[in-house]
Amino acid sequence: MKILFIADIVGRPGREAVAAFLPELRKTYQLDLVIANAENASHGRGLTRDTATELYDYGVNFLTMGNHVWDQKDIVKFIDNENKLIRPANYPRGVPGKGYGFVSLNGIKTGIINLSGRIFLQPLDNPFTMIIPLINAMAQETPIIIVDFHAEATSEKVALGWFLNGKVSAVIGTHTHIQTADARVLNQGTAYITDAGMTGPRDSVLGVKKEIIINNFLTQMPARFEVADGVHQLNGVVLDIDEKTGKARSIQPIQRDNGETEGRRPLSP
Ligand code: FE2
């Protein structure tokens, strides 16, 4: 089966990039399932009900989150009733929402887990110690399990990839908004990338207007972050998974943008 994982969607430019590029990607890769990290999809912070609906309408089947999950306060009102939206599974017990879910499409059931790292992020439960019982329980339902590891430190992400090698179909890093050049299938059939990148305004600092961030580095003064605009990009990965075994056959990084100017990156095939 073919799964597209869309990297962190930032604000309106990110949503517009999904709308613009998903139809072509669906056709090119014959996609069975589309998952997206949406923790910054509303105004660059958090996720509202309307934004979630908009992304489903564009053809995204399942949404994952991260450390910005609670930034739009309304989410606590609807996350408990959502079966296509998950937040990190290592939040303490009793927190709204769920950390894993299943989606069945084209007769194939896929399990999805969202996890948060702990280095330079909130000190949630240890993702390494809590993940194995969850995977074992989900493996009763399907061999296809995709993990979105929303984390900052490359060491923590690489370590989790190796730790889950052979236990899940893919470990996909999110949160840093810069696509890393290490996509590969590990030797026991787990597809891995340290970070899938960012879907949003290309000529920005991680999605924010670059002038604001540069000024912040120059002055150390507090500043209100605003989502940039301009050229829109979509980043992500396409996974090819053997649906019988859950093992990954390939992982292909995806980069699309609508820029016509200097510095345009080559489009991936
Ligand atoms: Fe994040």
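**Exercise 1: helices H1 and H2**

Task: Describe how helix H1 (residues 11-29) and helix H2 (residues 49-58) are arranged in this predicted model.

Solution. Step one: the axes of H1 and H2 come within 9 Å and cross at roughly 10 degrees. Step two: angles under 35 degrees count as roughly parallel, so H1 and H2 are roughly parallel to each other. Step three: H1 contributes Arg15, Val18, Ala19 and Leu22 to the contact, and H2 contributes Thr51, Glu54, Leu55 and Tyr58. Step four: sorted by class, the contact of H1 with H2 has five nonpolar, one polar and two charged residues.

**Exercise 2: helices H4 and H5**

Task: Work out the direction, handedness and contact residues for helix H4 (residues 127-139) and helix H5 (residues 154-163).

Solution. Step one: the H4 and H5 axes come within 11 Å, with a crossing angle of roughly 30 degrees. Step two: that angle makes H4 roughly parallel to H5. Step three: the crossing of H4 past H5 is right-handed. Step four: from H4, Pro127, Phe128, Ile131 and Ile132 meet Glu156, Ala159, Leu160 and Phe163 of H5. Step five: this contact of H4 with H5 has seven nonpolar residues, no polar ones and one charged residue.

**Exercise 3: the largest pocket**

Task: What is the volume of the largest pocket, and which residues lie nearest its centre?

Solution. Step one: the volume of the largest pocket is about 440 Å³. Step two: 19 residues line the largest pocket, and His68, His177, Leu206, Val208 and Phe225 lie nearest its centre. Step three: by class, the lining has seven nonpolar, eight polar and four charged residues.

Definitions and conventions
Residues numbered from 1 in each chain as written. Predicted model: local features only at pLDDT ≥ 70, side-chain atom pairs only at ≥ 80, totals over all residues. Heavy atoms only, no water. Axes fitted to C-alpha atoms, helices over the stretch in contact; angles between N-to-C directions. Helix = DSSP H or I, 4+ residues; strand = E, 2+ residues; numbered from the N terminus. Parallel < 35°, antiparallel > 145°, perpendicular 65-115°, else oblique. Left-handed = near helix turned anticlockwise from the far one by under 90°. Contact = heavy atoms within 4.5 Å. Nonpolar A, V, L, I, M, F, W, Y, C, P; charged D, E, K, R; others polar. 1 Å grid on protein atoms, 1.4 Å probe; cavity = no way out; pocket = protein on both sides within 12 Å on 5 of 7 lines; lining within 4 Å. Points joined across faces, edges and corners; volume = space filled by probe spheres on them.
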